[in-house]
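Reader: Hey, I've just opened this one and could use a hand. Can you walk me through how the strands go together?

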Amino acid sequence: MTYQGRLVKKHPNYGFIRFKNSAGVSRDVFVHFGSYLHGFIPELNQIVEFEFGPSVVEGKPPVAIRVRVVKTADQVVAEFQAQLEQQGGV
């Protein structure tokens, strides 16, 4: 099963993806950037699809694996700006 979320925190080799769980609650999931599929580069605010996989550390929650970019950060910002313009905010 795939999930969709947004990369909200970025460190040198890992980050956190915010997504809504089945109860509609926003949660953050750890992602190691080695889990991005070949050719995809992590950027803050990009929209990604991912699956859950087991953590390599026992007792930790599942992590994001097989991460694929759906929208780049630039696309997300452009869509937001277009919405603001339509509302007369810019």
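Author: Two strands pair if DSSP finds at least two bridges between them. Helices (H or I, at least four residues) and strands (E, at least two) are DSSP runs, numbered from the N terminus. Residues are numbered from 1 along each chain as its sequence is written. This is a predicted model, where local features need pLDDT of at least 70, side-chain atom pairs count only at pLDDT 80 or more, and totals for chains, interfaces and linings use all residues, while side-chain values use heavy atoms, with hydrogens and water left out.

Reader: Ok, how do β1 and β2 pair?

Author: Strand β1 (residues 3–10) pairs with β2 in the antiparallel sense, over 4 bridges. The two form a hairpin with 3 residues between them, and K10 has G15 in β2 as its bridge partner.

Reader: And how many bridges for β2 and β3?

Author: There are 7 bridges, again in the antiparallel sense. K20 stands opposite S26 in β3. That hairpin has 5 residues between the strands, and G24 takes a positive phi near 85° there.

Reader: What does E49 stand opposite?

Author: E49 stands opposite R68 in β5, and Q4 stands opposite E49 in β4. β1 and β4 pair antiparallel over 4 bridges, and 6 bridges join β4 to β5 (residues 63–71), also antiparallel.

Reader: Switching topic: where is Q46, and is it buried or exposed?

Author: Q46 is in the loop between β3 (26–32) and β4 (47–53). Q46 counts as buried because its relative accessibility is 1%.

Reader: What does the Q46 side chain make a polar contact with?

Author: The side chain of Y36, at 2.7 Å. A polar contact is a pair of N or O atoms within 3.5 Å; within protein, one must be able to donate a hydrogen and the other to accept it, and residues adjacent in sequence count only if both atoms are side-chain atoms.

Notes
Buried < 20%, exposed > 50% of the residue type's maximum accessible area, 1.4 Å probe, protein only.
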